Amino acid sequence: MAALIPFNDGGRRQAETNGMNPPDPDRPASIDCTHVGPVAVITFSHPPVNALSVGAGVIDALADSIGAAIADPAVGALVVMAAGDLFSAGADIADFGASANKLDRMRALTSDLIEAAHKPIVMALHGMALGGGLEFALSGHYRICAPGTKLGLPEVTLGLLPGAGGTQRLPRLIGVEAALQMMLSGTPLDASKALALGLIDRVATGDFRAEAAAWAKELVAAGPKRACDRLPAGDPAPAIDQARRGLDARSLSQAPAFIIDCVEAACTRPFAEGLALEKRLFESLIDSEASLGLRHVFFGRREVARIPGPKTSAAGVIHSVAVIGGGLMGTGIAIALLNSELKVTLIEPRAEALDKAVATIRKTIQRDVDKGRLSAAAAAHRIDSLFPSATLEACAAADLIIEAVYESMDVKRQVFVELDRIASPAAILASNTSTLDLDVIAACTRRPERVVGLHFFSPANIMKLLEIVRGRRTDPGVLAASMAFSKAIGKVGVVSGACDGFIGNRMFEEYLRQAYFLLEEGALPAQIDGALENWGMAMGPLKVMDLAGQDIGWSIRKRRAIEQPGRPYSTIPDQLCEMGRFGQKTGAGFYLYPDGRTAREDPQISALILAHSAKLGITRRAVADAQIVDRCVLALVNEGARIVEEGIAYRAVDVDMVSVFGYGFPAARGGPMFYAARMGFANVVRRIEEFAAGRNGWAWVPAALLRSNP
Ligand code: HSC
């Protein structure tokens with residue numbers, strides 16, 4: 001039986017001993033020192049991203065090599081640079097287990113050795129310098145970059161703060177406002193902006209390695225220049241106050257607030273005290289639930305791309321894509337593909353619908369230009385890459401054909417019979433179905449092994465998740481090509497087996513079932529949505545259905561009433577639909593939408609719910625927010641475990657990534673399976689058994705996998 005592994009970092013964390021991430025023999029760290037006249041050029045390497053790992057020996061090797069060069073009387077200045085495509089992606093995130101004084105060793109390298117050195121040390125950066133990698137560079141006395149280098153402190157996205165002196169040195173170098181902006185957003189700057197702000201001293205014009213060595217030679221006479229010797233310029237109070245006002249009160253992570261505290265200390269306390277505060281707060285964040293969850297998501301989104309089973313080289317590259325269907329979904333998919341510089345043939349037989357789709361695509365691309373996110377030339381290129389057509393024959397040359405027509409088996413069948421006739425033999429035939437049986441669709445063709453599900457989420461140009469559905473006969477090469485395609489268009493691809501609802505909608509159904517039952521028992525829509533939003537869900541379940549369209553849920557429930565008569569739903573949402581309240585698009589659903597978007601509570605719905613409870617003979621009770629969260633979230637957990645148990649998802653982490661990237665599950669809670677692991681599987685089972693003893697307890701049969709994991 002599969003295991004519900006709480007952490008997924010390729011097994012490395014589990015292999016830790018004494019809190020050390022052991023060296024990976026496939027990715028050995030190395031260091032090299034050469035001499036160019038009086039300049040010692042130290043080059044470190046730790047593939048693939050030059051993570052500054054204590055466990056893999058990078059920090060110690062750097063300390064030894066830099067220490068030896070400083071002590072060498074023949075050396076007048078040092079250059080530190082990295083091999084490979086980038087300077088460094090920062091501290092080794094898989095190295096954050098038990099402390100083992102890692103932070104102290106990093107501090108000893110940056111503050112005590114590099115910054116304190118009496119010889120000038122030039123940091124020569126290329127590609128990217130992120131997190132601890134940039135902090136390491138900030139401890140050097142001078143910085144030169146290759147053109148286009150990106151420099152950033154993305155720790156906040158991992159629920160952390162820059163812990164290697166970044167919160168103290170950055171404001172001293174670029175001022176409080178810019179430093180806060182960089183650390184609170186986590187967004188990197190490019191070299192030219194970094195130069196303008198004073199984060200770096202030079203952008204190389206030619207070979208940055210040679211320029212760095214030549215410049216270091218000139219600097220022998222100038223000596224070191226230390227960030228810690230300065231004070232942040234200007235009055236810091238306005239920027240700090242503004243940053244505090246901008247804090248999200250619902251954030252699950254304390255990192256943003258702690259970053260501001262550290263920057264304030266940089267302005268008001270001696271450097272050493274600021275560093276001490278930074279260390280204390282960094283160490284408290286390392287073990288925080290939010291950071292554990294966010295780090296799980298960091299590795300998880302990479303882990304899901306690794307498809308178990310034999311490796312295949314038959315992936316094939318996708319250059320041209322045809323999208324069939326010019327509705328909301330087809331239009332969104334076309335935009336997502338155009339944004340990834342792909343050529344897209346959009347096929348829609350109804351002239352009016354095709355015109356509308358093209359107009360929407362043009363408008364969306366133009367909006368990016370208006371907002372300064374896209375140049376006019378790039379926009380024109382995207383629009384030129386769109387080939388609208390009214391006939392299916394237009395897809396004959398496409399490498400990938402994505403069907404996004406109306407969600408009806410009859411309609412899809414017709415399309416796939418035609419595609420089988422028209423499409424090139426090498427083409428991948430994909431369906432965007434969200435619930436229908438992929439094997440039935442594939443069986444309409446003479447090439448079921450070339451058929452795969454590509455389930456995009458609406459709006460397809462925004463949502464990160466792509467469920468890649470493997471049918472019984474889908475070829476592993478087609479699956480691998482679909483995964484590569486998903487990466488190429490910037491999506492998080494997760495493979496799901498074929499079943500009703502796949503991973504995400506199957507889980508969401510159980511979640512919704514509980515939300516509707518809670519309405520019958522005593523809660524009202526705003527309380528359910530509020531409780532789950534306060535817990536971290538991007539949007540409460542009833543608002544989600546108002547956004548998606550209540551009619552969609554209605555048609556699924558009608559089908560399920562026939563297919564699964566023993567698993568009823570509350571009829572409250574059906575009553576809404578009978579009143580024509582389909583959600584935002586009709587101006588009313590569980591809520592009223594006077595401006596088309598903003599939900600307002602509706603007394604008519606409260607009265608309807610109360611009357612419904614009375615009709616069922618239910619004495620309504622006060623439902624605590626915590627119980628709403630427990631019931632709804634544990635419904636996700638239980639169904640997620642069952643999905644792993646049945647092999648629909650390869651691993652627990654696949655369930656987590658679907659929930660985080662497709663359903664607004666809070667990344668800081670890692671995903672339902674990660675959350676369950678943190679809660680303790682035995683506690684989860686105990687809670688589920690309590691629910692099983694209550695009203696509609698039939699919905700609560702604990703997944704065997706939950707019981708079998710400690
Ligand atoms: C940090 O720096 C904390 C510091 O402030 C304090 C330090 C205190 C001292 C502590 C002592 C220990 N670590 O993304 P890709 C792996 S926090 C470990 O697919 P791309 C990644 O998992 C860090 N592993 O490539 C993958 O492994 P796989 C702050 C890391 O080209 C492989 O490298 N830095 C790693 O699409 C390739 O990665 C960040 O948050 C890391 N830091 O993107 C930056 N970074 O092959 C995180 C990557 O086994 N990294 N890996 O799957 C990134 O954003 C992206 O990886 C890049 C490259 C944009 C660098």
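A polar contact is taken here as a pair of N or O atoms within 3.5 Å, and within protein one atom must be able to donate a hydrogen and the other to accept it, residues adjacent in sequence counting only if both atoms are side-chain atoms. The structure is a predicted model, in which local features need pLDDT of at least 70 and side-chain atom pairs count only at pLDDT 80 or more, whereas totals for chains, interfaces and linings use all residues. Residues are numbered from 1 along each chain as its sequence is written, and side-chain values use heavy atoms, with hydrogens and water left out.

Under the polar-contact criterion, a polar side-chain atom of Arg306 lies 3.2 Å from an oxygen atom of the ligand, a polar side-chain atom of Glu135 lies 2.5 Å from a ligand oxygen atom, and a backbone N or O atom of Gly132 is placed 2.7 Å from an oxygen atom of the ligand. Taken alone, the ligand exposes 1,100 Å², of which the protein buries 82% (accessible areas from the Shrake-Rupley method with a 1.4 Å probe). The ligand is surrounded by 32 residues, the closest being Arg27, Gly132, Glu135, Glu155 and Arg302, where a residue is near a molecule if one of its heavy atoms lies within 4 Å of it. By class, this shell has 19 nonpolar, four polar and nine charged residues; Ala, Val, Leu, Ile, Met, Phe, Trp, Tyr, Cys and Pro count as nonpolar, Asp, Glu, Lys and Arg as charged, and the others, Gly among them, as polar. At least two shell residues are supplied by each of α2 (102-115), β5 (128-130), α3 (132-139) and α11 (289-303), helices (H or I, at least four residues) and strands (E, at least two) being DSSP runs numbered from the N terminus.

An open sheet of eight strands with mixed pairing has the order β12-β11-β10-β13-β14-β15-β16-β17, two strands being paired if DSSP finds at least two bridges between them. Because β12 (386-389) and β17 (492-497) stand at the edges, each with a single partner strand, one side of each is left without a neighbour in the sheet. Strand β16 (residues 465-470) pairs with β17 in the parallel sense over six bridges, and Ile468 has Val495 of β17 as its bridge partner.

Helix α25 (residues 652-662) packs against helix α26 (residues 672-679) at an angle of about 115°, with their axes 6 Å apart; axes are lines fitted to C-alpha atoms, for helices over the stretch in contact, and angles run from 0 to 180 degrees between N-to-C directions.
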